[in-house]
Amino acid sequence: MGKYRIAACPRQLAGGQFAAQVSIASGRGSASTDRVMRFHDEFPTHAAAAHYAIAQGIDWVHATT
């Protein structure tokens with residue numbers, strides 16, 4: 001999304017639910033940065049957690065630019 005690369009990184013929790021995480025990276029080489037956000041909500045599927053993470057990443061980019 002523009003100069004940002006957004007990637008969902010859902011992870012499975014012990015109880016079978018999924019936690020949402022998103023990585024928002026920008027820049028290249030030694031000037032690169034990567035912000036990782038983890039969310040407390042739990043989701044029933046990997047896809048639901050990924051969808052939520054991407055939406056939150058997009059919202060963060062819009063709020064920042």
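Contact here means heavy atoms within 4.5 Å. The model you have open is predicted.

**Stop one: M37.** Select M37. Setting aside its neighbours within four places in sequence, M37 is in contact with A20, Q21, V22, I24 and W60.

**Stop two: the core.** M37 is one of 11 residues in the largest nonpolar core. Now colour by element. β3 (18–26), β4 (33–43) and α1 (46–64) each supply at least two residues of this core. β3 gives the most, with four residues.

Select α1. Next, pick out A49, A50, A53, G57 and V61, the buried residues in α1. They lie on the same side of α1, because they cover an arc of only 105° around the axis. Which elements cover them? β1 (4–8), β3 and β4 are included in that cover. Turn to the other side of α1, where A47, H51 and A63 are exposed.

**Stop four: S26.** Go back to strand β3 and select S26. Is S26 buried or exposed? Its relative accessibility is 12%, so S26 counts as buried, the cut-off being under 20%. Leaving aside neighbours within four places in sequence, S26 is in contact with K3, Y4, R5, A31, S32 and T33.

Technical notes:
Residues numbered from 1 in each chain as written. Predicted model: local features only at pLDDT ≥ 70, side-chain atom pairs only at ≥ 80, totals over all residues. Heavy atoms only, no water. Core = buried A, V, L, I, M, F, W, Y, C linked by side-chain atoms within 4.5 Å. Buried < 20%, exposed > 50% of the residue type's maximum accessible area, 1.4 Å probe, protein only. Arc of directions from axis to C-beta.
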